Amino acid sequence: MENKEEIRIGFYVCHCGTNIASVIDVASVAEYVSTLPNVVLAKDYKYMCSEPGQDLIIADIKEHRLNRIVVSACSPLLHEPTFRGAARRAGLNPFYVQMVNIREHGSWVHEDRAKATEKAKALARGAIGRVALHKPLEKRRVSVNPDVMVVGAGIAGIQAALTLAKAGKRVYLIEREPTIGGHMAQFDKTFPTLDCAACILTPKMSDVRSHPNITLLTMSEVEKIEGFVGNYKVTVKKNPRYVDEELCVGCLDCIDQCVFKQGKFADHFNLGLSKRKPVYIPFPQATPKLVVIDPKACLQLMTGKCKQSCVDACDRGAIRFDQKPEHIQIEVGSVIIATGYKTFDPRRMPQYGYGQYENVFTSLEVERMVTASGPTGGHIALRNGEKPKSIGLIYCVGSRDNRYNKWCSRVCCMTALKLGHLVKEHTGAEVFNFYIDMRAAGKGYEEFYHKMLEEGIHFIRGKVAEITDWAMTPEEEGHLVVRVEDTLAGVVRRIPIDMVVLVLGLEPQEDSREVQRMFNISCSTEGFFLEKHPKLAPVSTNTDGIFLAGCCQGPKDIPDTVAQAGAAAAECLALIDKGYVEMEPMTSFVVEEECSGCKTCINLCPYNAITRDDVKGVAVINEALCKGCGVCVSACPSGSIKQNLFEDDEIFREIQEVLAYV
Amino acid sequence: MSEQWDPKILAIFCNWCTYTAADLAGVSRLKYEPNVRVVRVMCSGRIDPQFVLTAFASGADGVLIGGCHPGDCHYVEGNYKTLRRVTLLKRMLQDFGIEPDRFRLEWISASEGDRVQKVVNDMVAKVRALGPLNLPGRIVEWDKEVEHMQSEIDAREGVAHV
């Protein structure tokens, strides 16, 4: 039964420049491997992944009739596709290639040259033993649904959706808030050009609304996703707006006529700096321009007792108190996750007195205040309504601090400079910047910083220790006092200030872990979504067909976000235009002659891919549903389920051989 | 020979979490003991208890299994199955006289490169303290013992027959 072809293995060990060769004696690894059974040749080369490196393999396959290849280099997660491709070009089945990881698991983590070399030899021996048992495998082709879902409609999601829509693809844009726009809609101006944020964002928002290829689902959240690359089935939960989206024209008459004559509830969009009614529109440019009713504030929805003047006011009959959550099923081939960030909660730093001292504000609150259409009509004022004479901006609040978040939030230095400029322009106050390091690494950012230096804004280098209202001198009386070590002057200073602005760092969204689990992607330790590779696949995830854009992947500014959104859209387009995906062949299959039909495997399969053929009395695995985890293989009592590329024989051989090396 | 002894630990890591974490440890240049030899499987749920037994029987002084954290499995729930199998296997290994510290299951996510370093170093230190397991040698001894007992039985029965 066994095809008794002669096994002829070619072994290649890579120097990776000096990355591997400086720690591992590659020549000695090659020499050792050349003594192992079935090995026809063993070579070392500077860069195996380079064109000449691959050509070397291809030439050897042809010249020496090699039918197995082992490459000892970096992680298979990095270059396995490269070497499989080389094998294929030489006419060899790509699954006759096995890699040995001696860089990530070798030279980069070990210092003892002798021991690292020994380990490399042991691992190579395992691969040589295993590859002899490999079988030729074929990838299955599966067609790709050309529709895309974009989750989150901040600037990242908007940009990605528009790019895809412009390419003629159908996009489902999912946003859980009543309006799209995300954080950017709350900004007044953008650095370093100081152009108005709304002027950039709102045209894009209305493009989203009017584009025939975009289906916009606001107040909606993804509840469930099933399937695989090219073929995802998604359940979206659309929460009630209590307003018929087809009928409402955004005339806002209902808001005027609400039984609440004045706004009474904290306006979320303005961070509570203004009040709104139970029926409201988040902001004048909200898209879609539809009112929304807050079920936690509306008398009718809370008590069922209200004269419903809003219903009378709406001549189109759009108010719908009976709306219930809806579940919408959509099918897409790829997904872009653009769920954004949240700002650090400054209450976690009681030394800065947010919530304790009324004139300590956050950067986002001041951003709303300077906006002409904001809650104060563009006026910067203390809580008592007076204009501040001095304003202090505190950088890195919640960032670059081992007690809170270690990372640099990347946007805060520029945000602070921008706000410093704006508040000075609006109030003429003395403006103090308290910074740790000035990080102005973007295009035009350093120039922006220098411009601010010339504007007569004060810069004090030091991390603020405390904000207090405890005055030590008559000048401090009635002010907040910033205590800071001025590290350039080498003195501890107390600076009386009217208004303090905490420039907040960026954090993963509250529910990022749930999103991560739902989409089966990974998070970095801080909770931002993990890209597949920072340089080779910066917008891809570990799950094929799921891409990332914007701050959900890590803090970044608007230009970077927009660029990343474009990249994510391009990845989707590449997938769609190719038209098919190749599925890894590591699926499991049943050896029917040996299966007793005991059904042990059926309940174990997380994808319901296994059924029992009651006529034959055996288990049957649906190859299209199997994702190749192999959990059934290890559970089968008769050993009659096998997993391609991870057959028992192959794994046993690998274990025995890596341990056989002394 | 015994003064040169250095523990040999076989690790079986799942592709998506722990193997990736070990790659990250490399990218972060976190140094750890070179005594671990890693075999990659797609999911820790693929790990047949026989893999572990084979490893010990092939001369491993310790076996380390790495999978995704509960709830984070790339294949939804493979790691729960690993946990169940490992729990049973642990009891069985103790009956063989294999100390608990020689067999370890760890959940290490793709971002926890530092945990790979910590776990490997910790395990190597513990196994080093336990000394060589030498199961292949012991098996030879056990076989001899069985042979010896059999011959004694045979001898006794032989006497009885006379």
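Domain bounds come from an automatic or database domain assignment. On that basis, chain A is divided into domain 1 (9–131), domain 2 (148–239 + 327–340 + 521–577), domain 3 (241–322), domain 4 (343–507) and domain 5 (588–643). The C-alpha centres of domain 3 of chain A and domain 5 of chain A lie 56 Å apart.

The model is predicted: local features need pLDDT of at least 70, side-chain atom pairs count only at pLDDT 80 or more, and totals for chains, interfaces and linings use all residues. Residues are numbered from 1 along each chain as its sequence is written, with chains lettered from A and ligands numbered from 1 in the order in which they are written. The predictor assigns the complex an ipTM of 0.94 and a pTM of 0.86. Chain B has an average pLDDT (the predictor's confidence in each residue, from 0 to 100) of 93.

Chain A contributes 44 residues in contact with 42 residues of chain B (contact: C-beta atoms, placed from the backbone, within 7 Å). Helix 4 (103–107), helix 5 (113–131), helix 17 (631–635) and helix 18 (648–660) of chain A each supply at least two residues of the side touching chain B. Helices are DSSP runs (H or I, at least four residues), numbered from the N terminus. Helix 18 of chain A gives the largest share of that side, 9 residues. By class, the side of chain A that touches chain B has 21 nonpolar, 13 polar and 10 charged residues. Here Ala, Val, Leu, Ile, Met, Phe, Trp, Tyr, Cys and Pro count as nonpolar, Asp, Glu, Lys and Arg as charged, and the others, Gly among them, as polar.

Definitions and conventions: Two residues are in contact if their C-beta atoms, placed from the backbone, lie within 7 Å.
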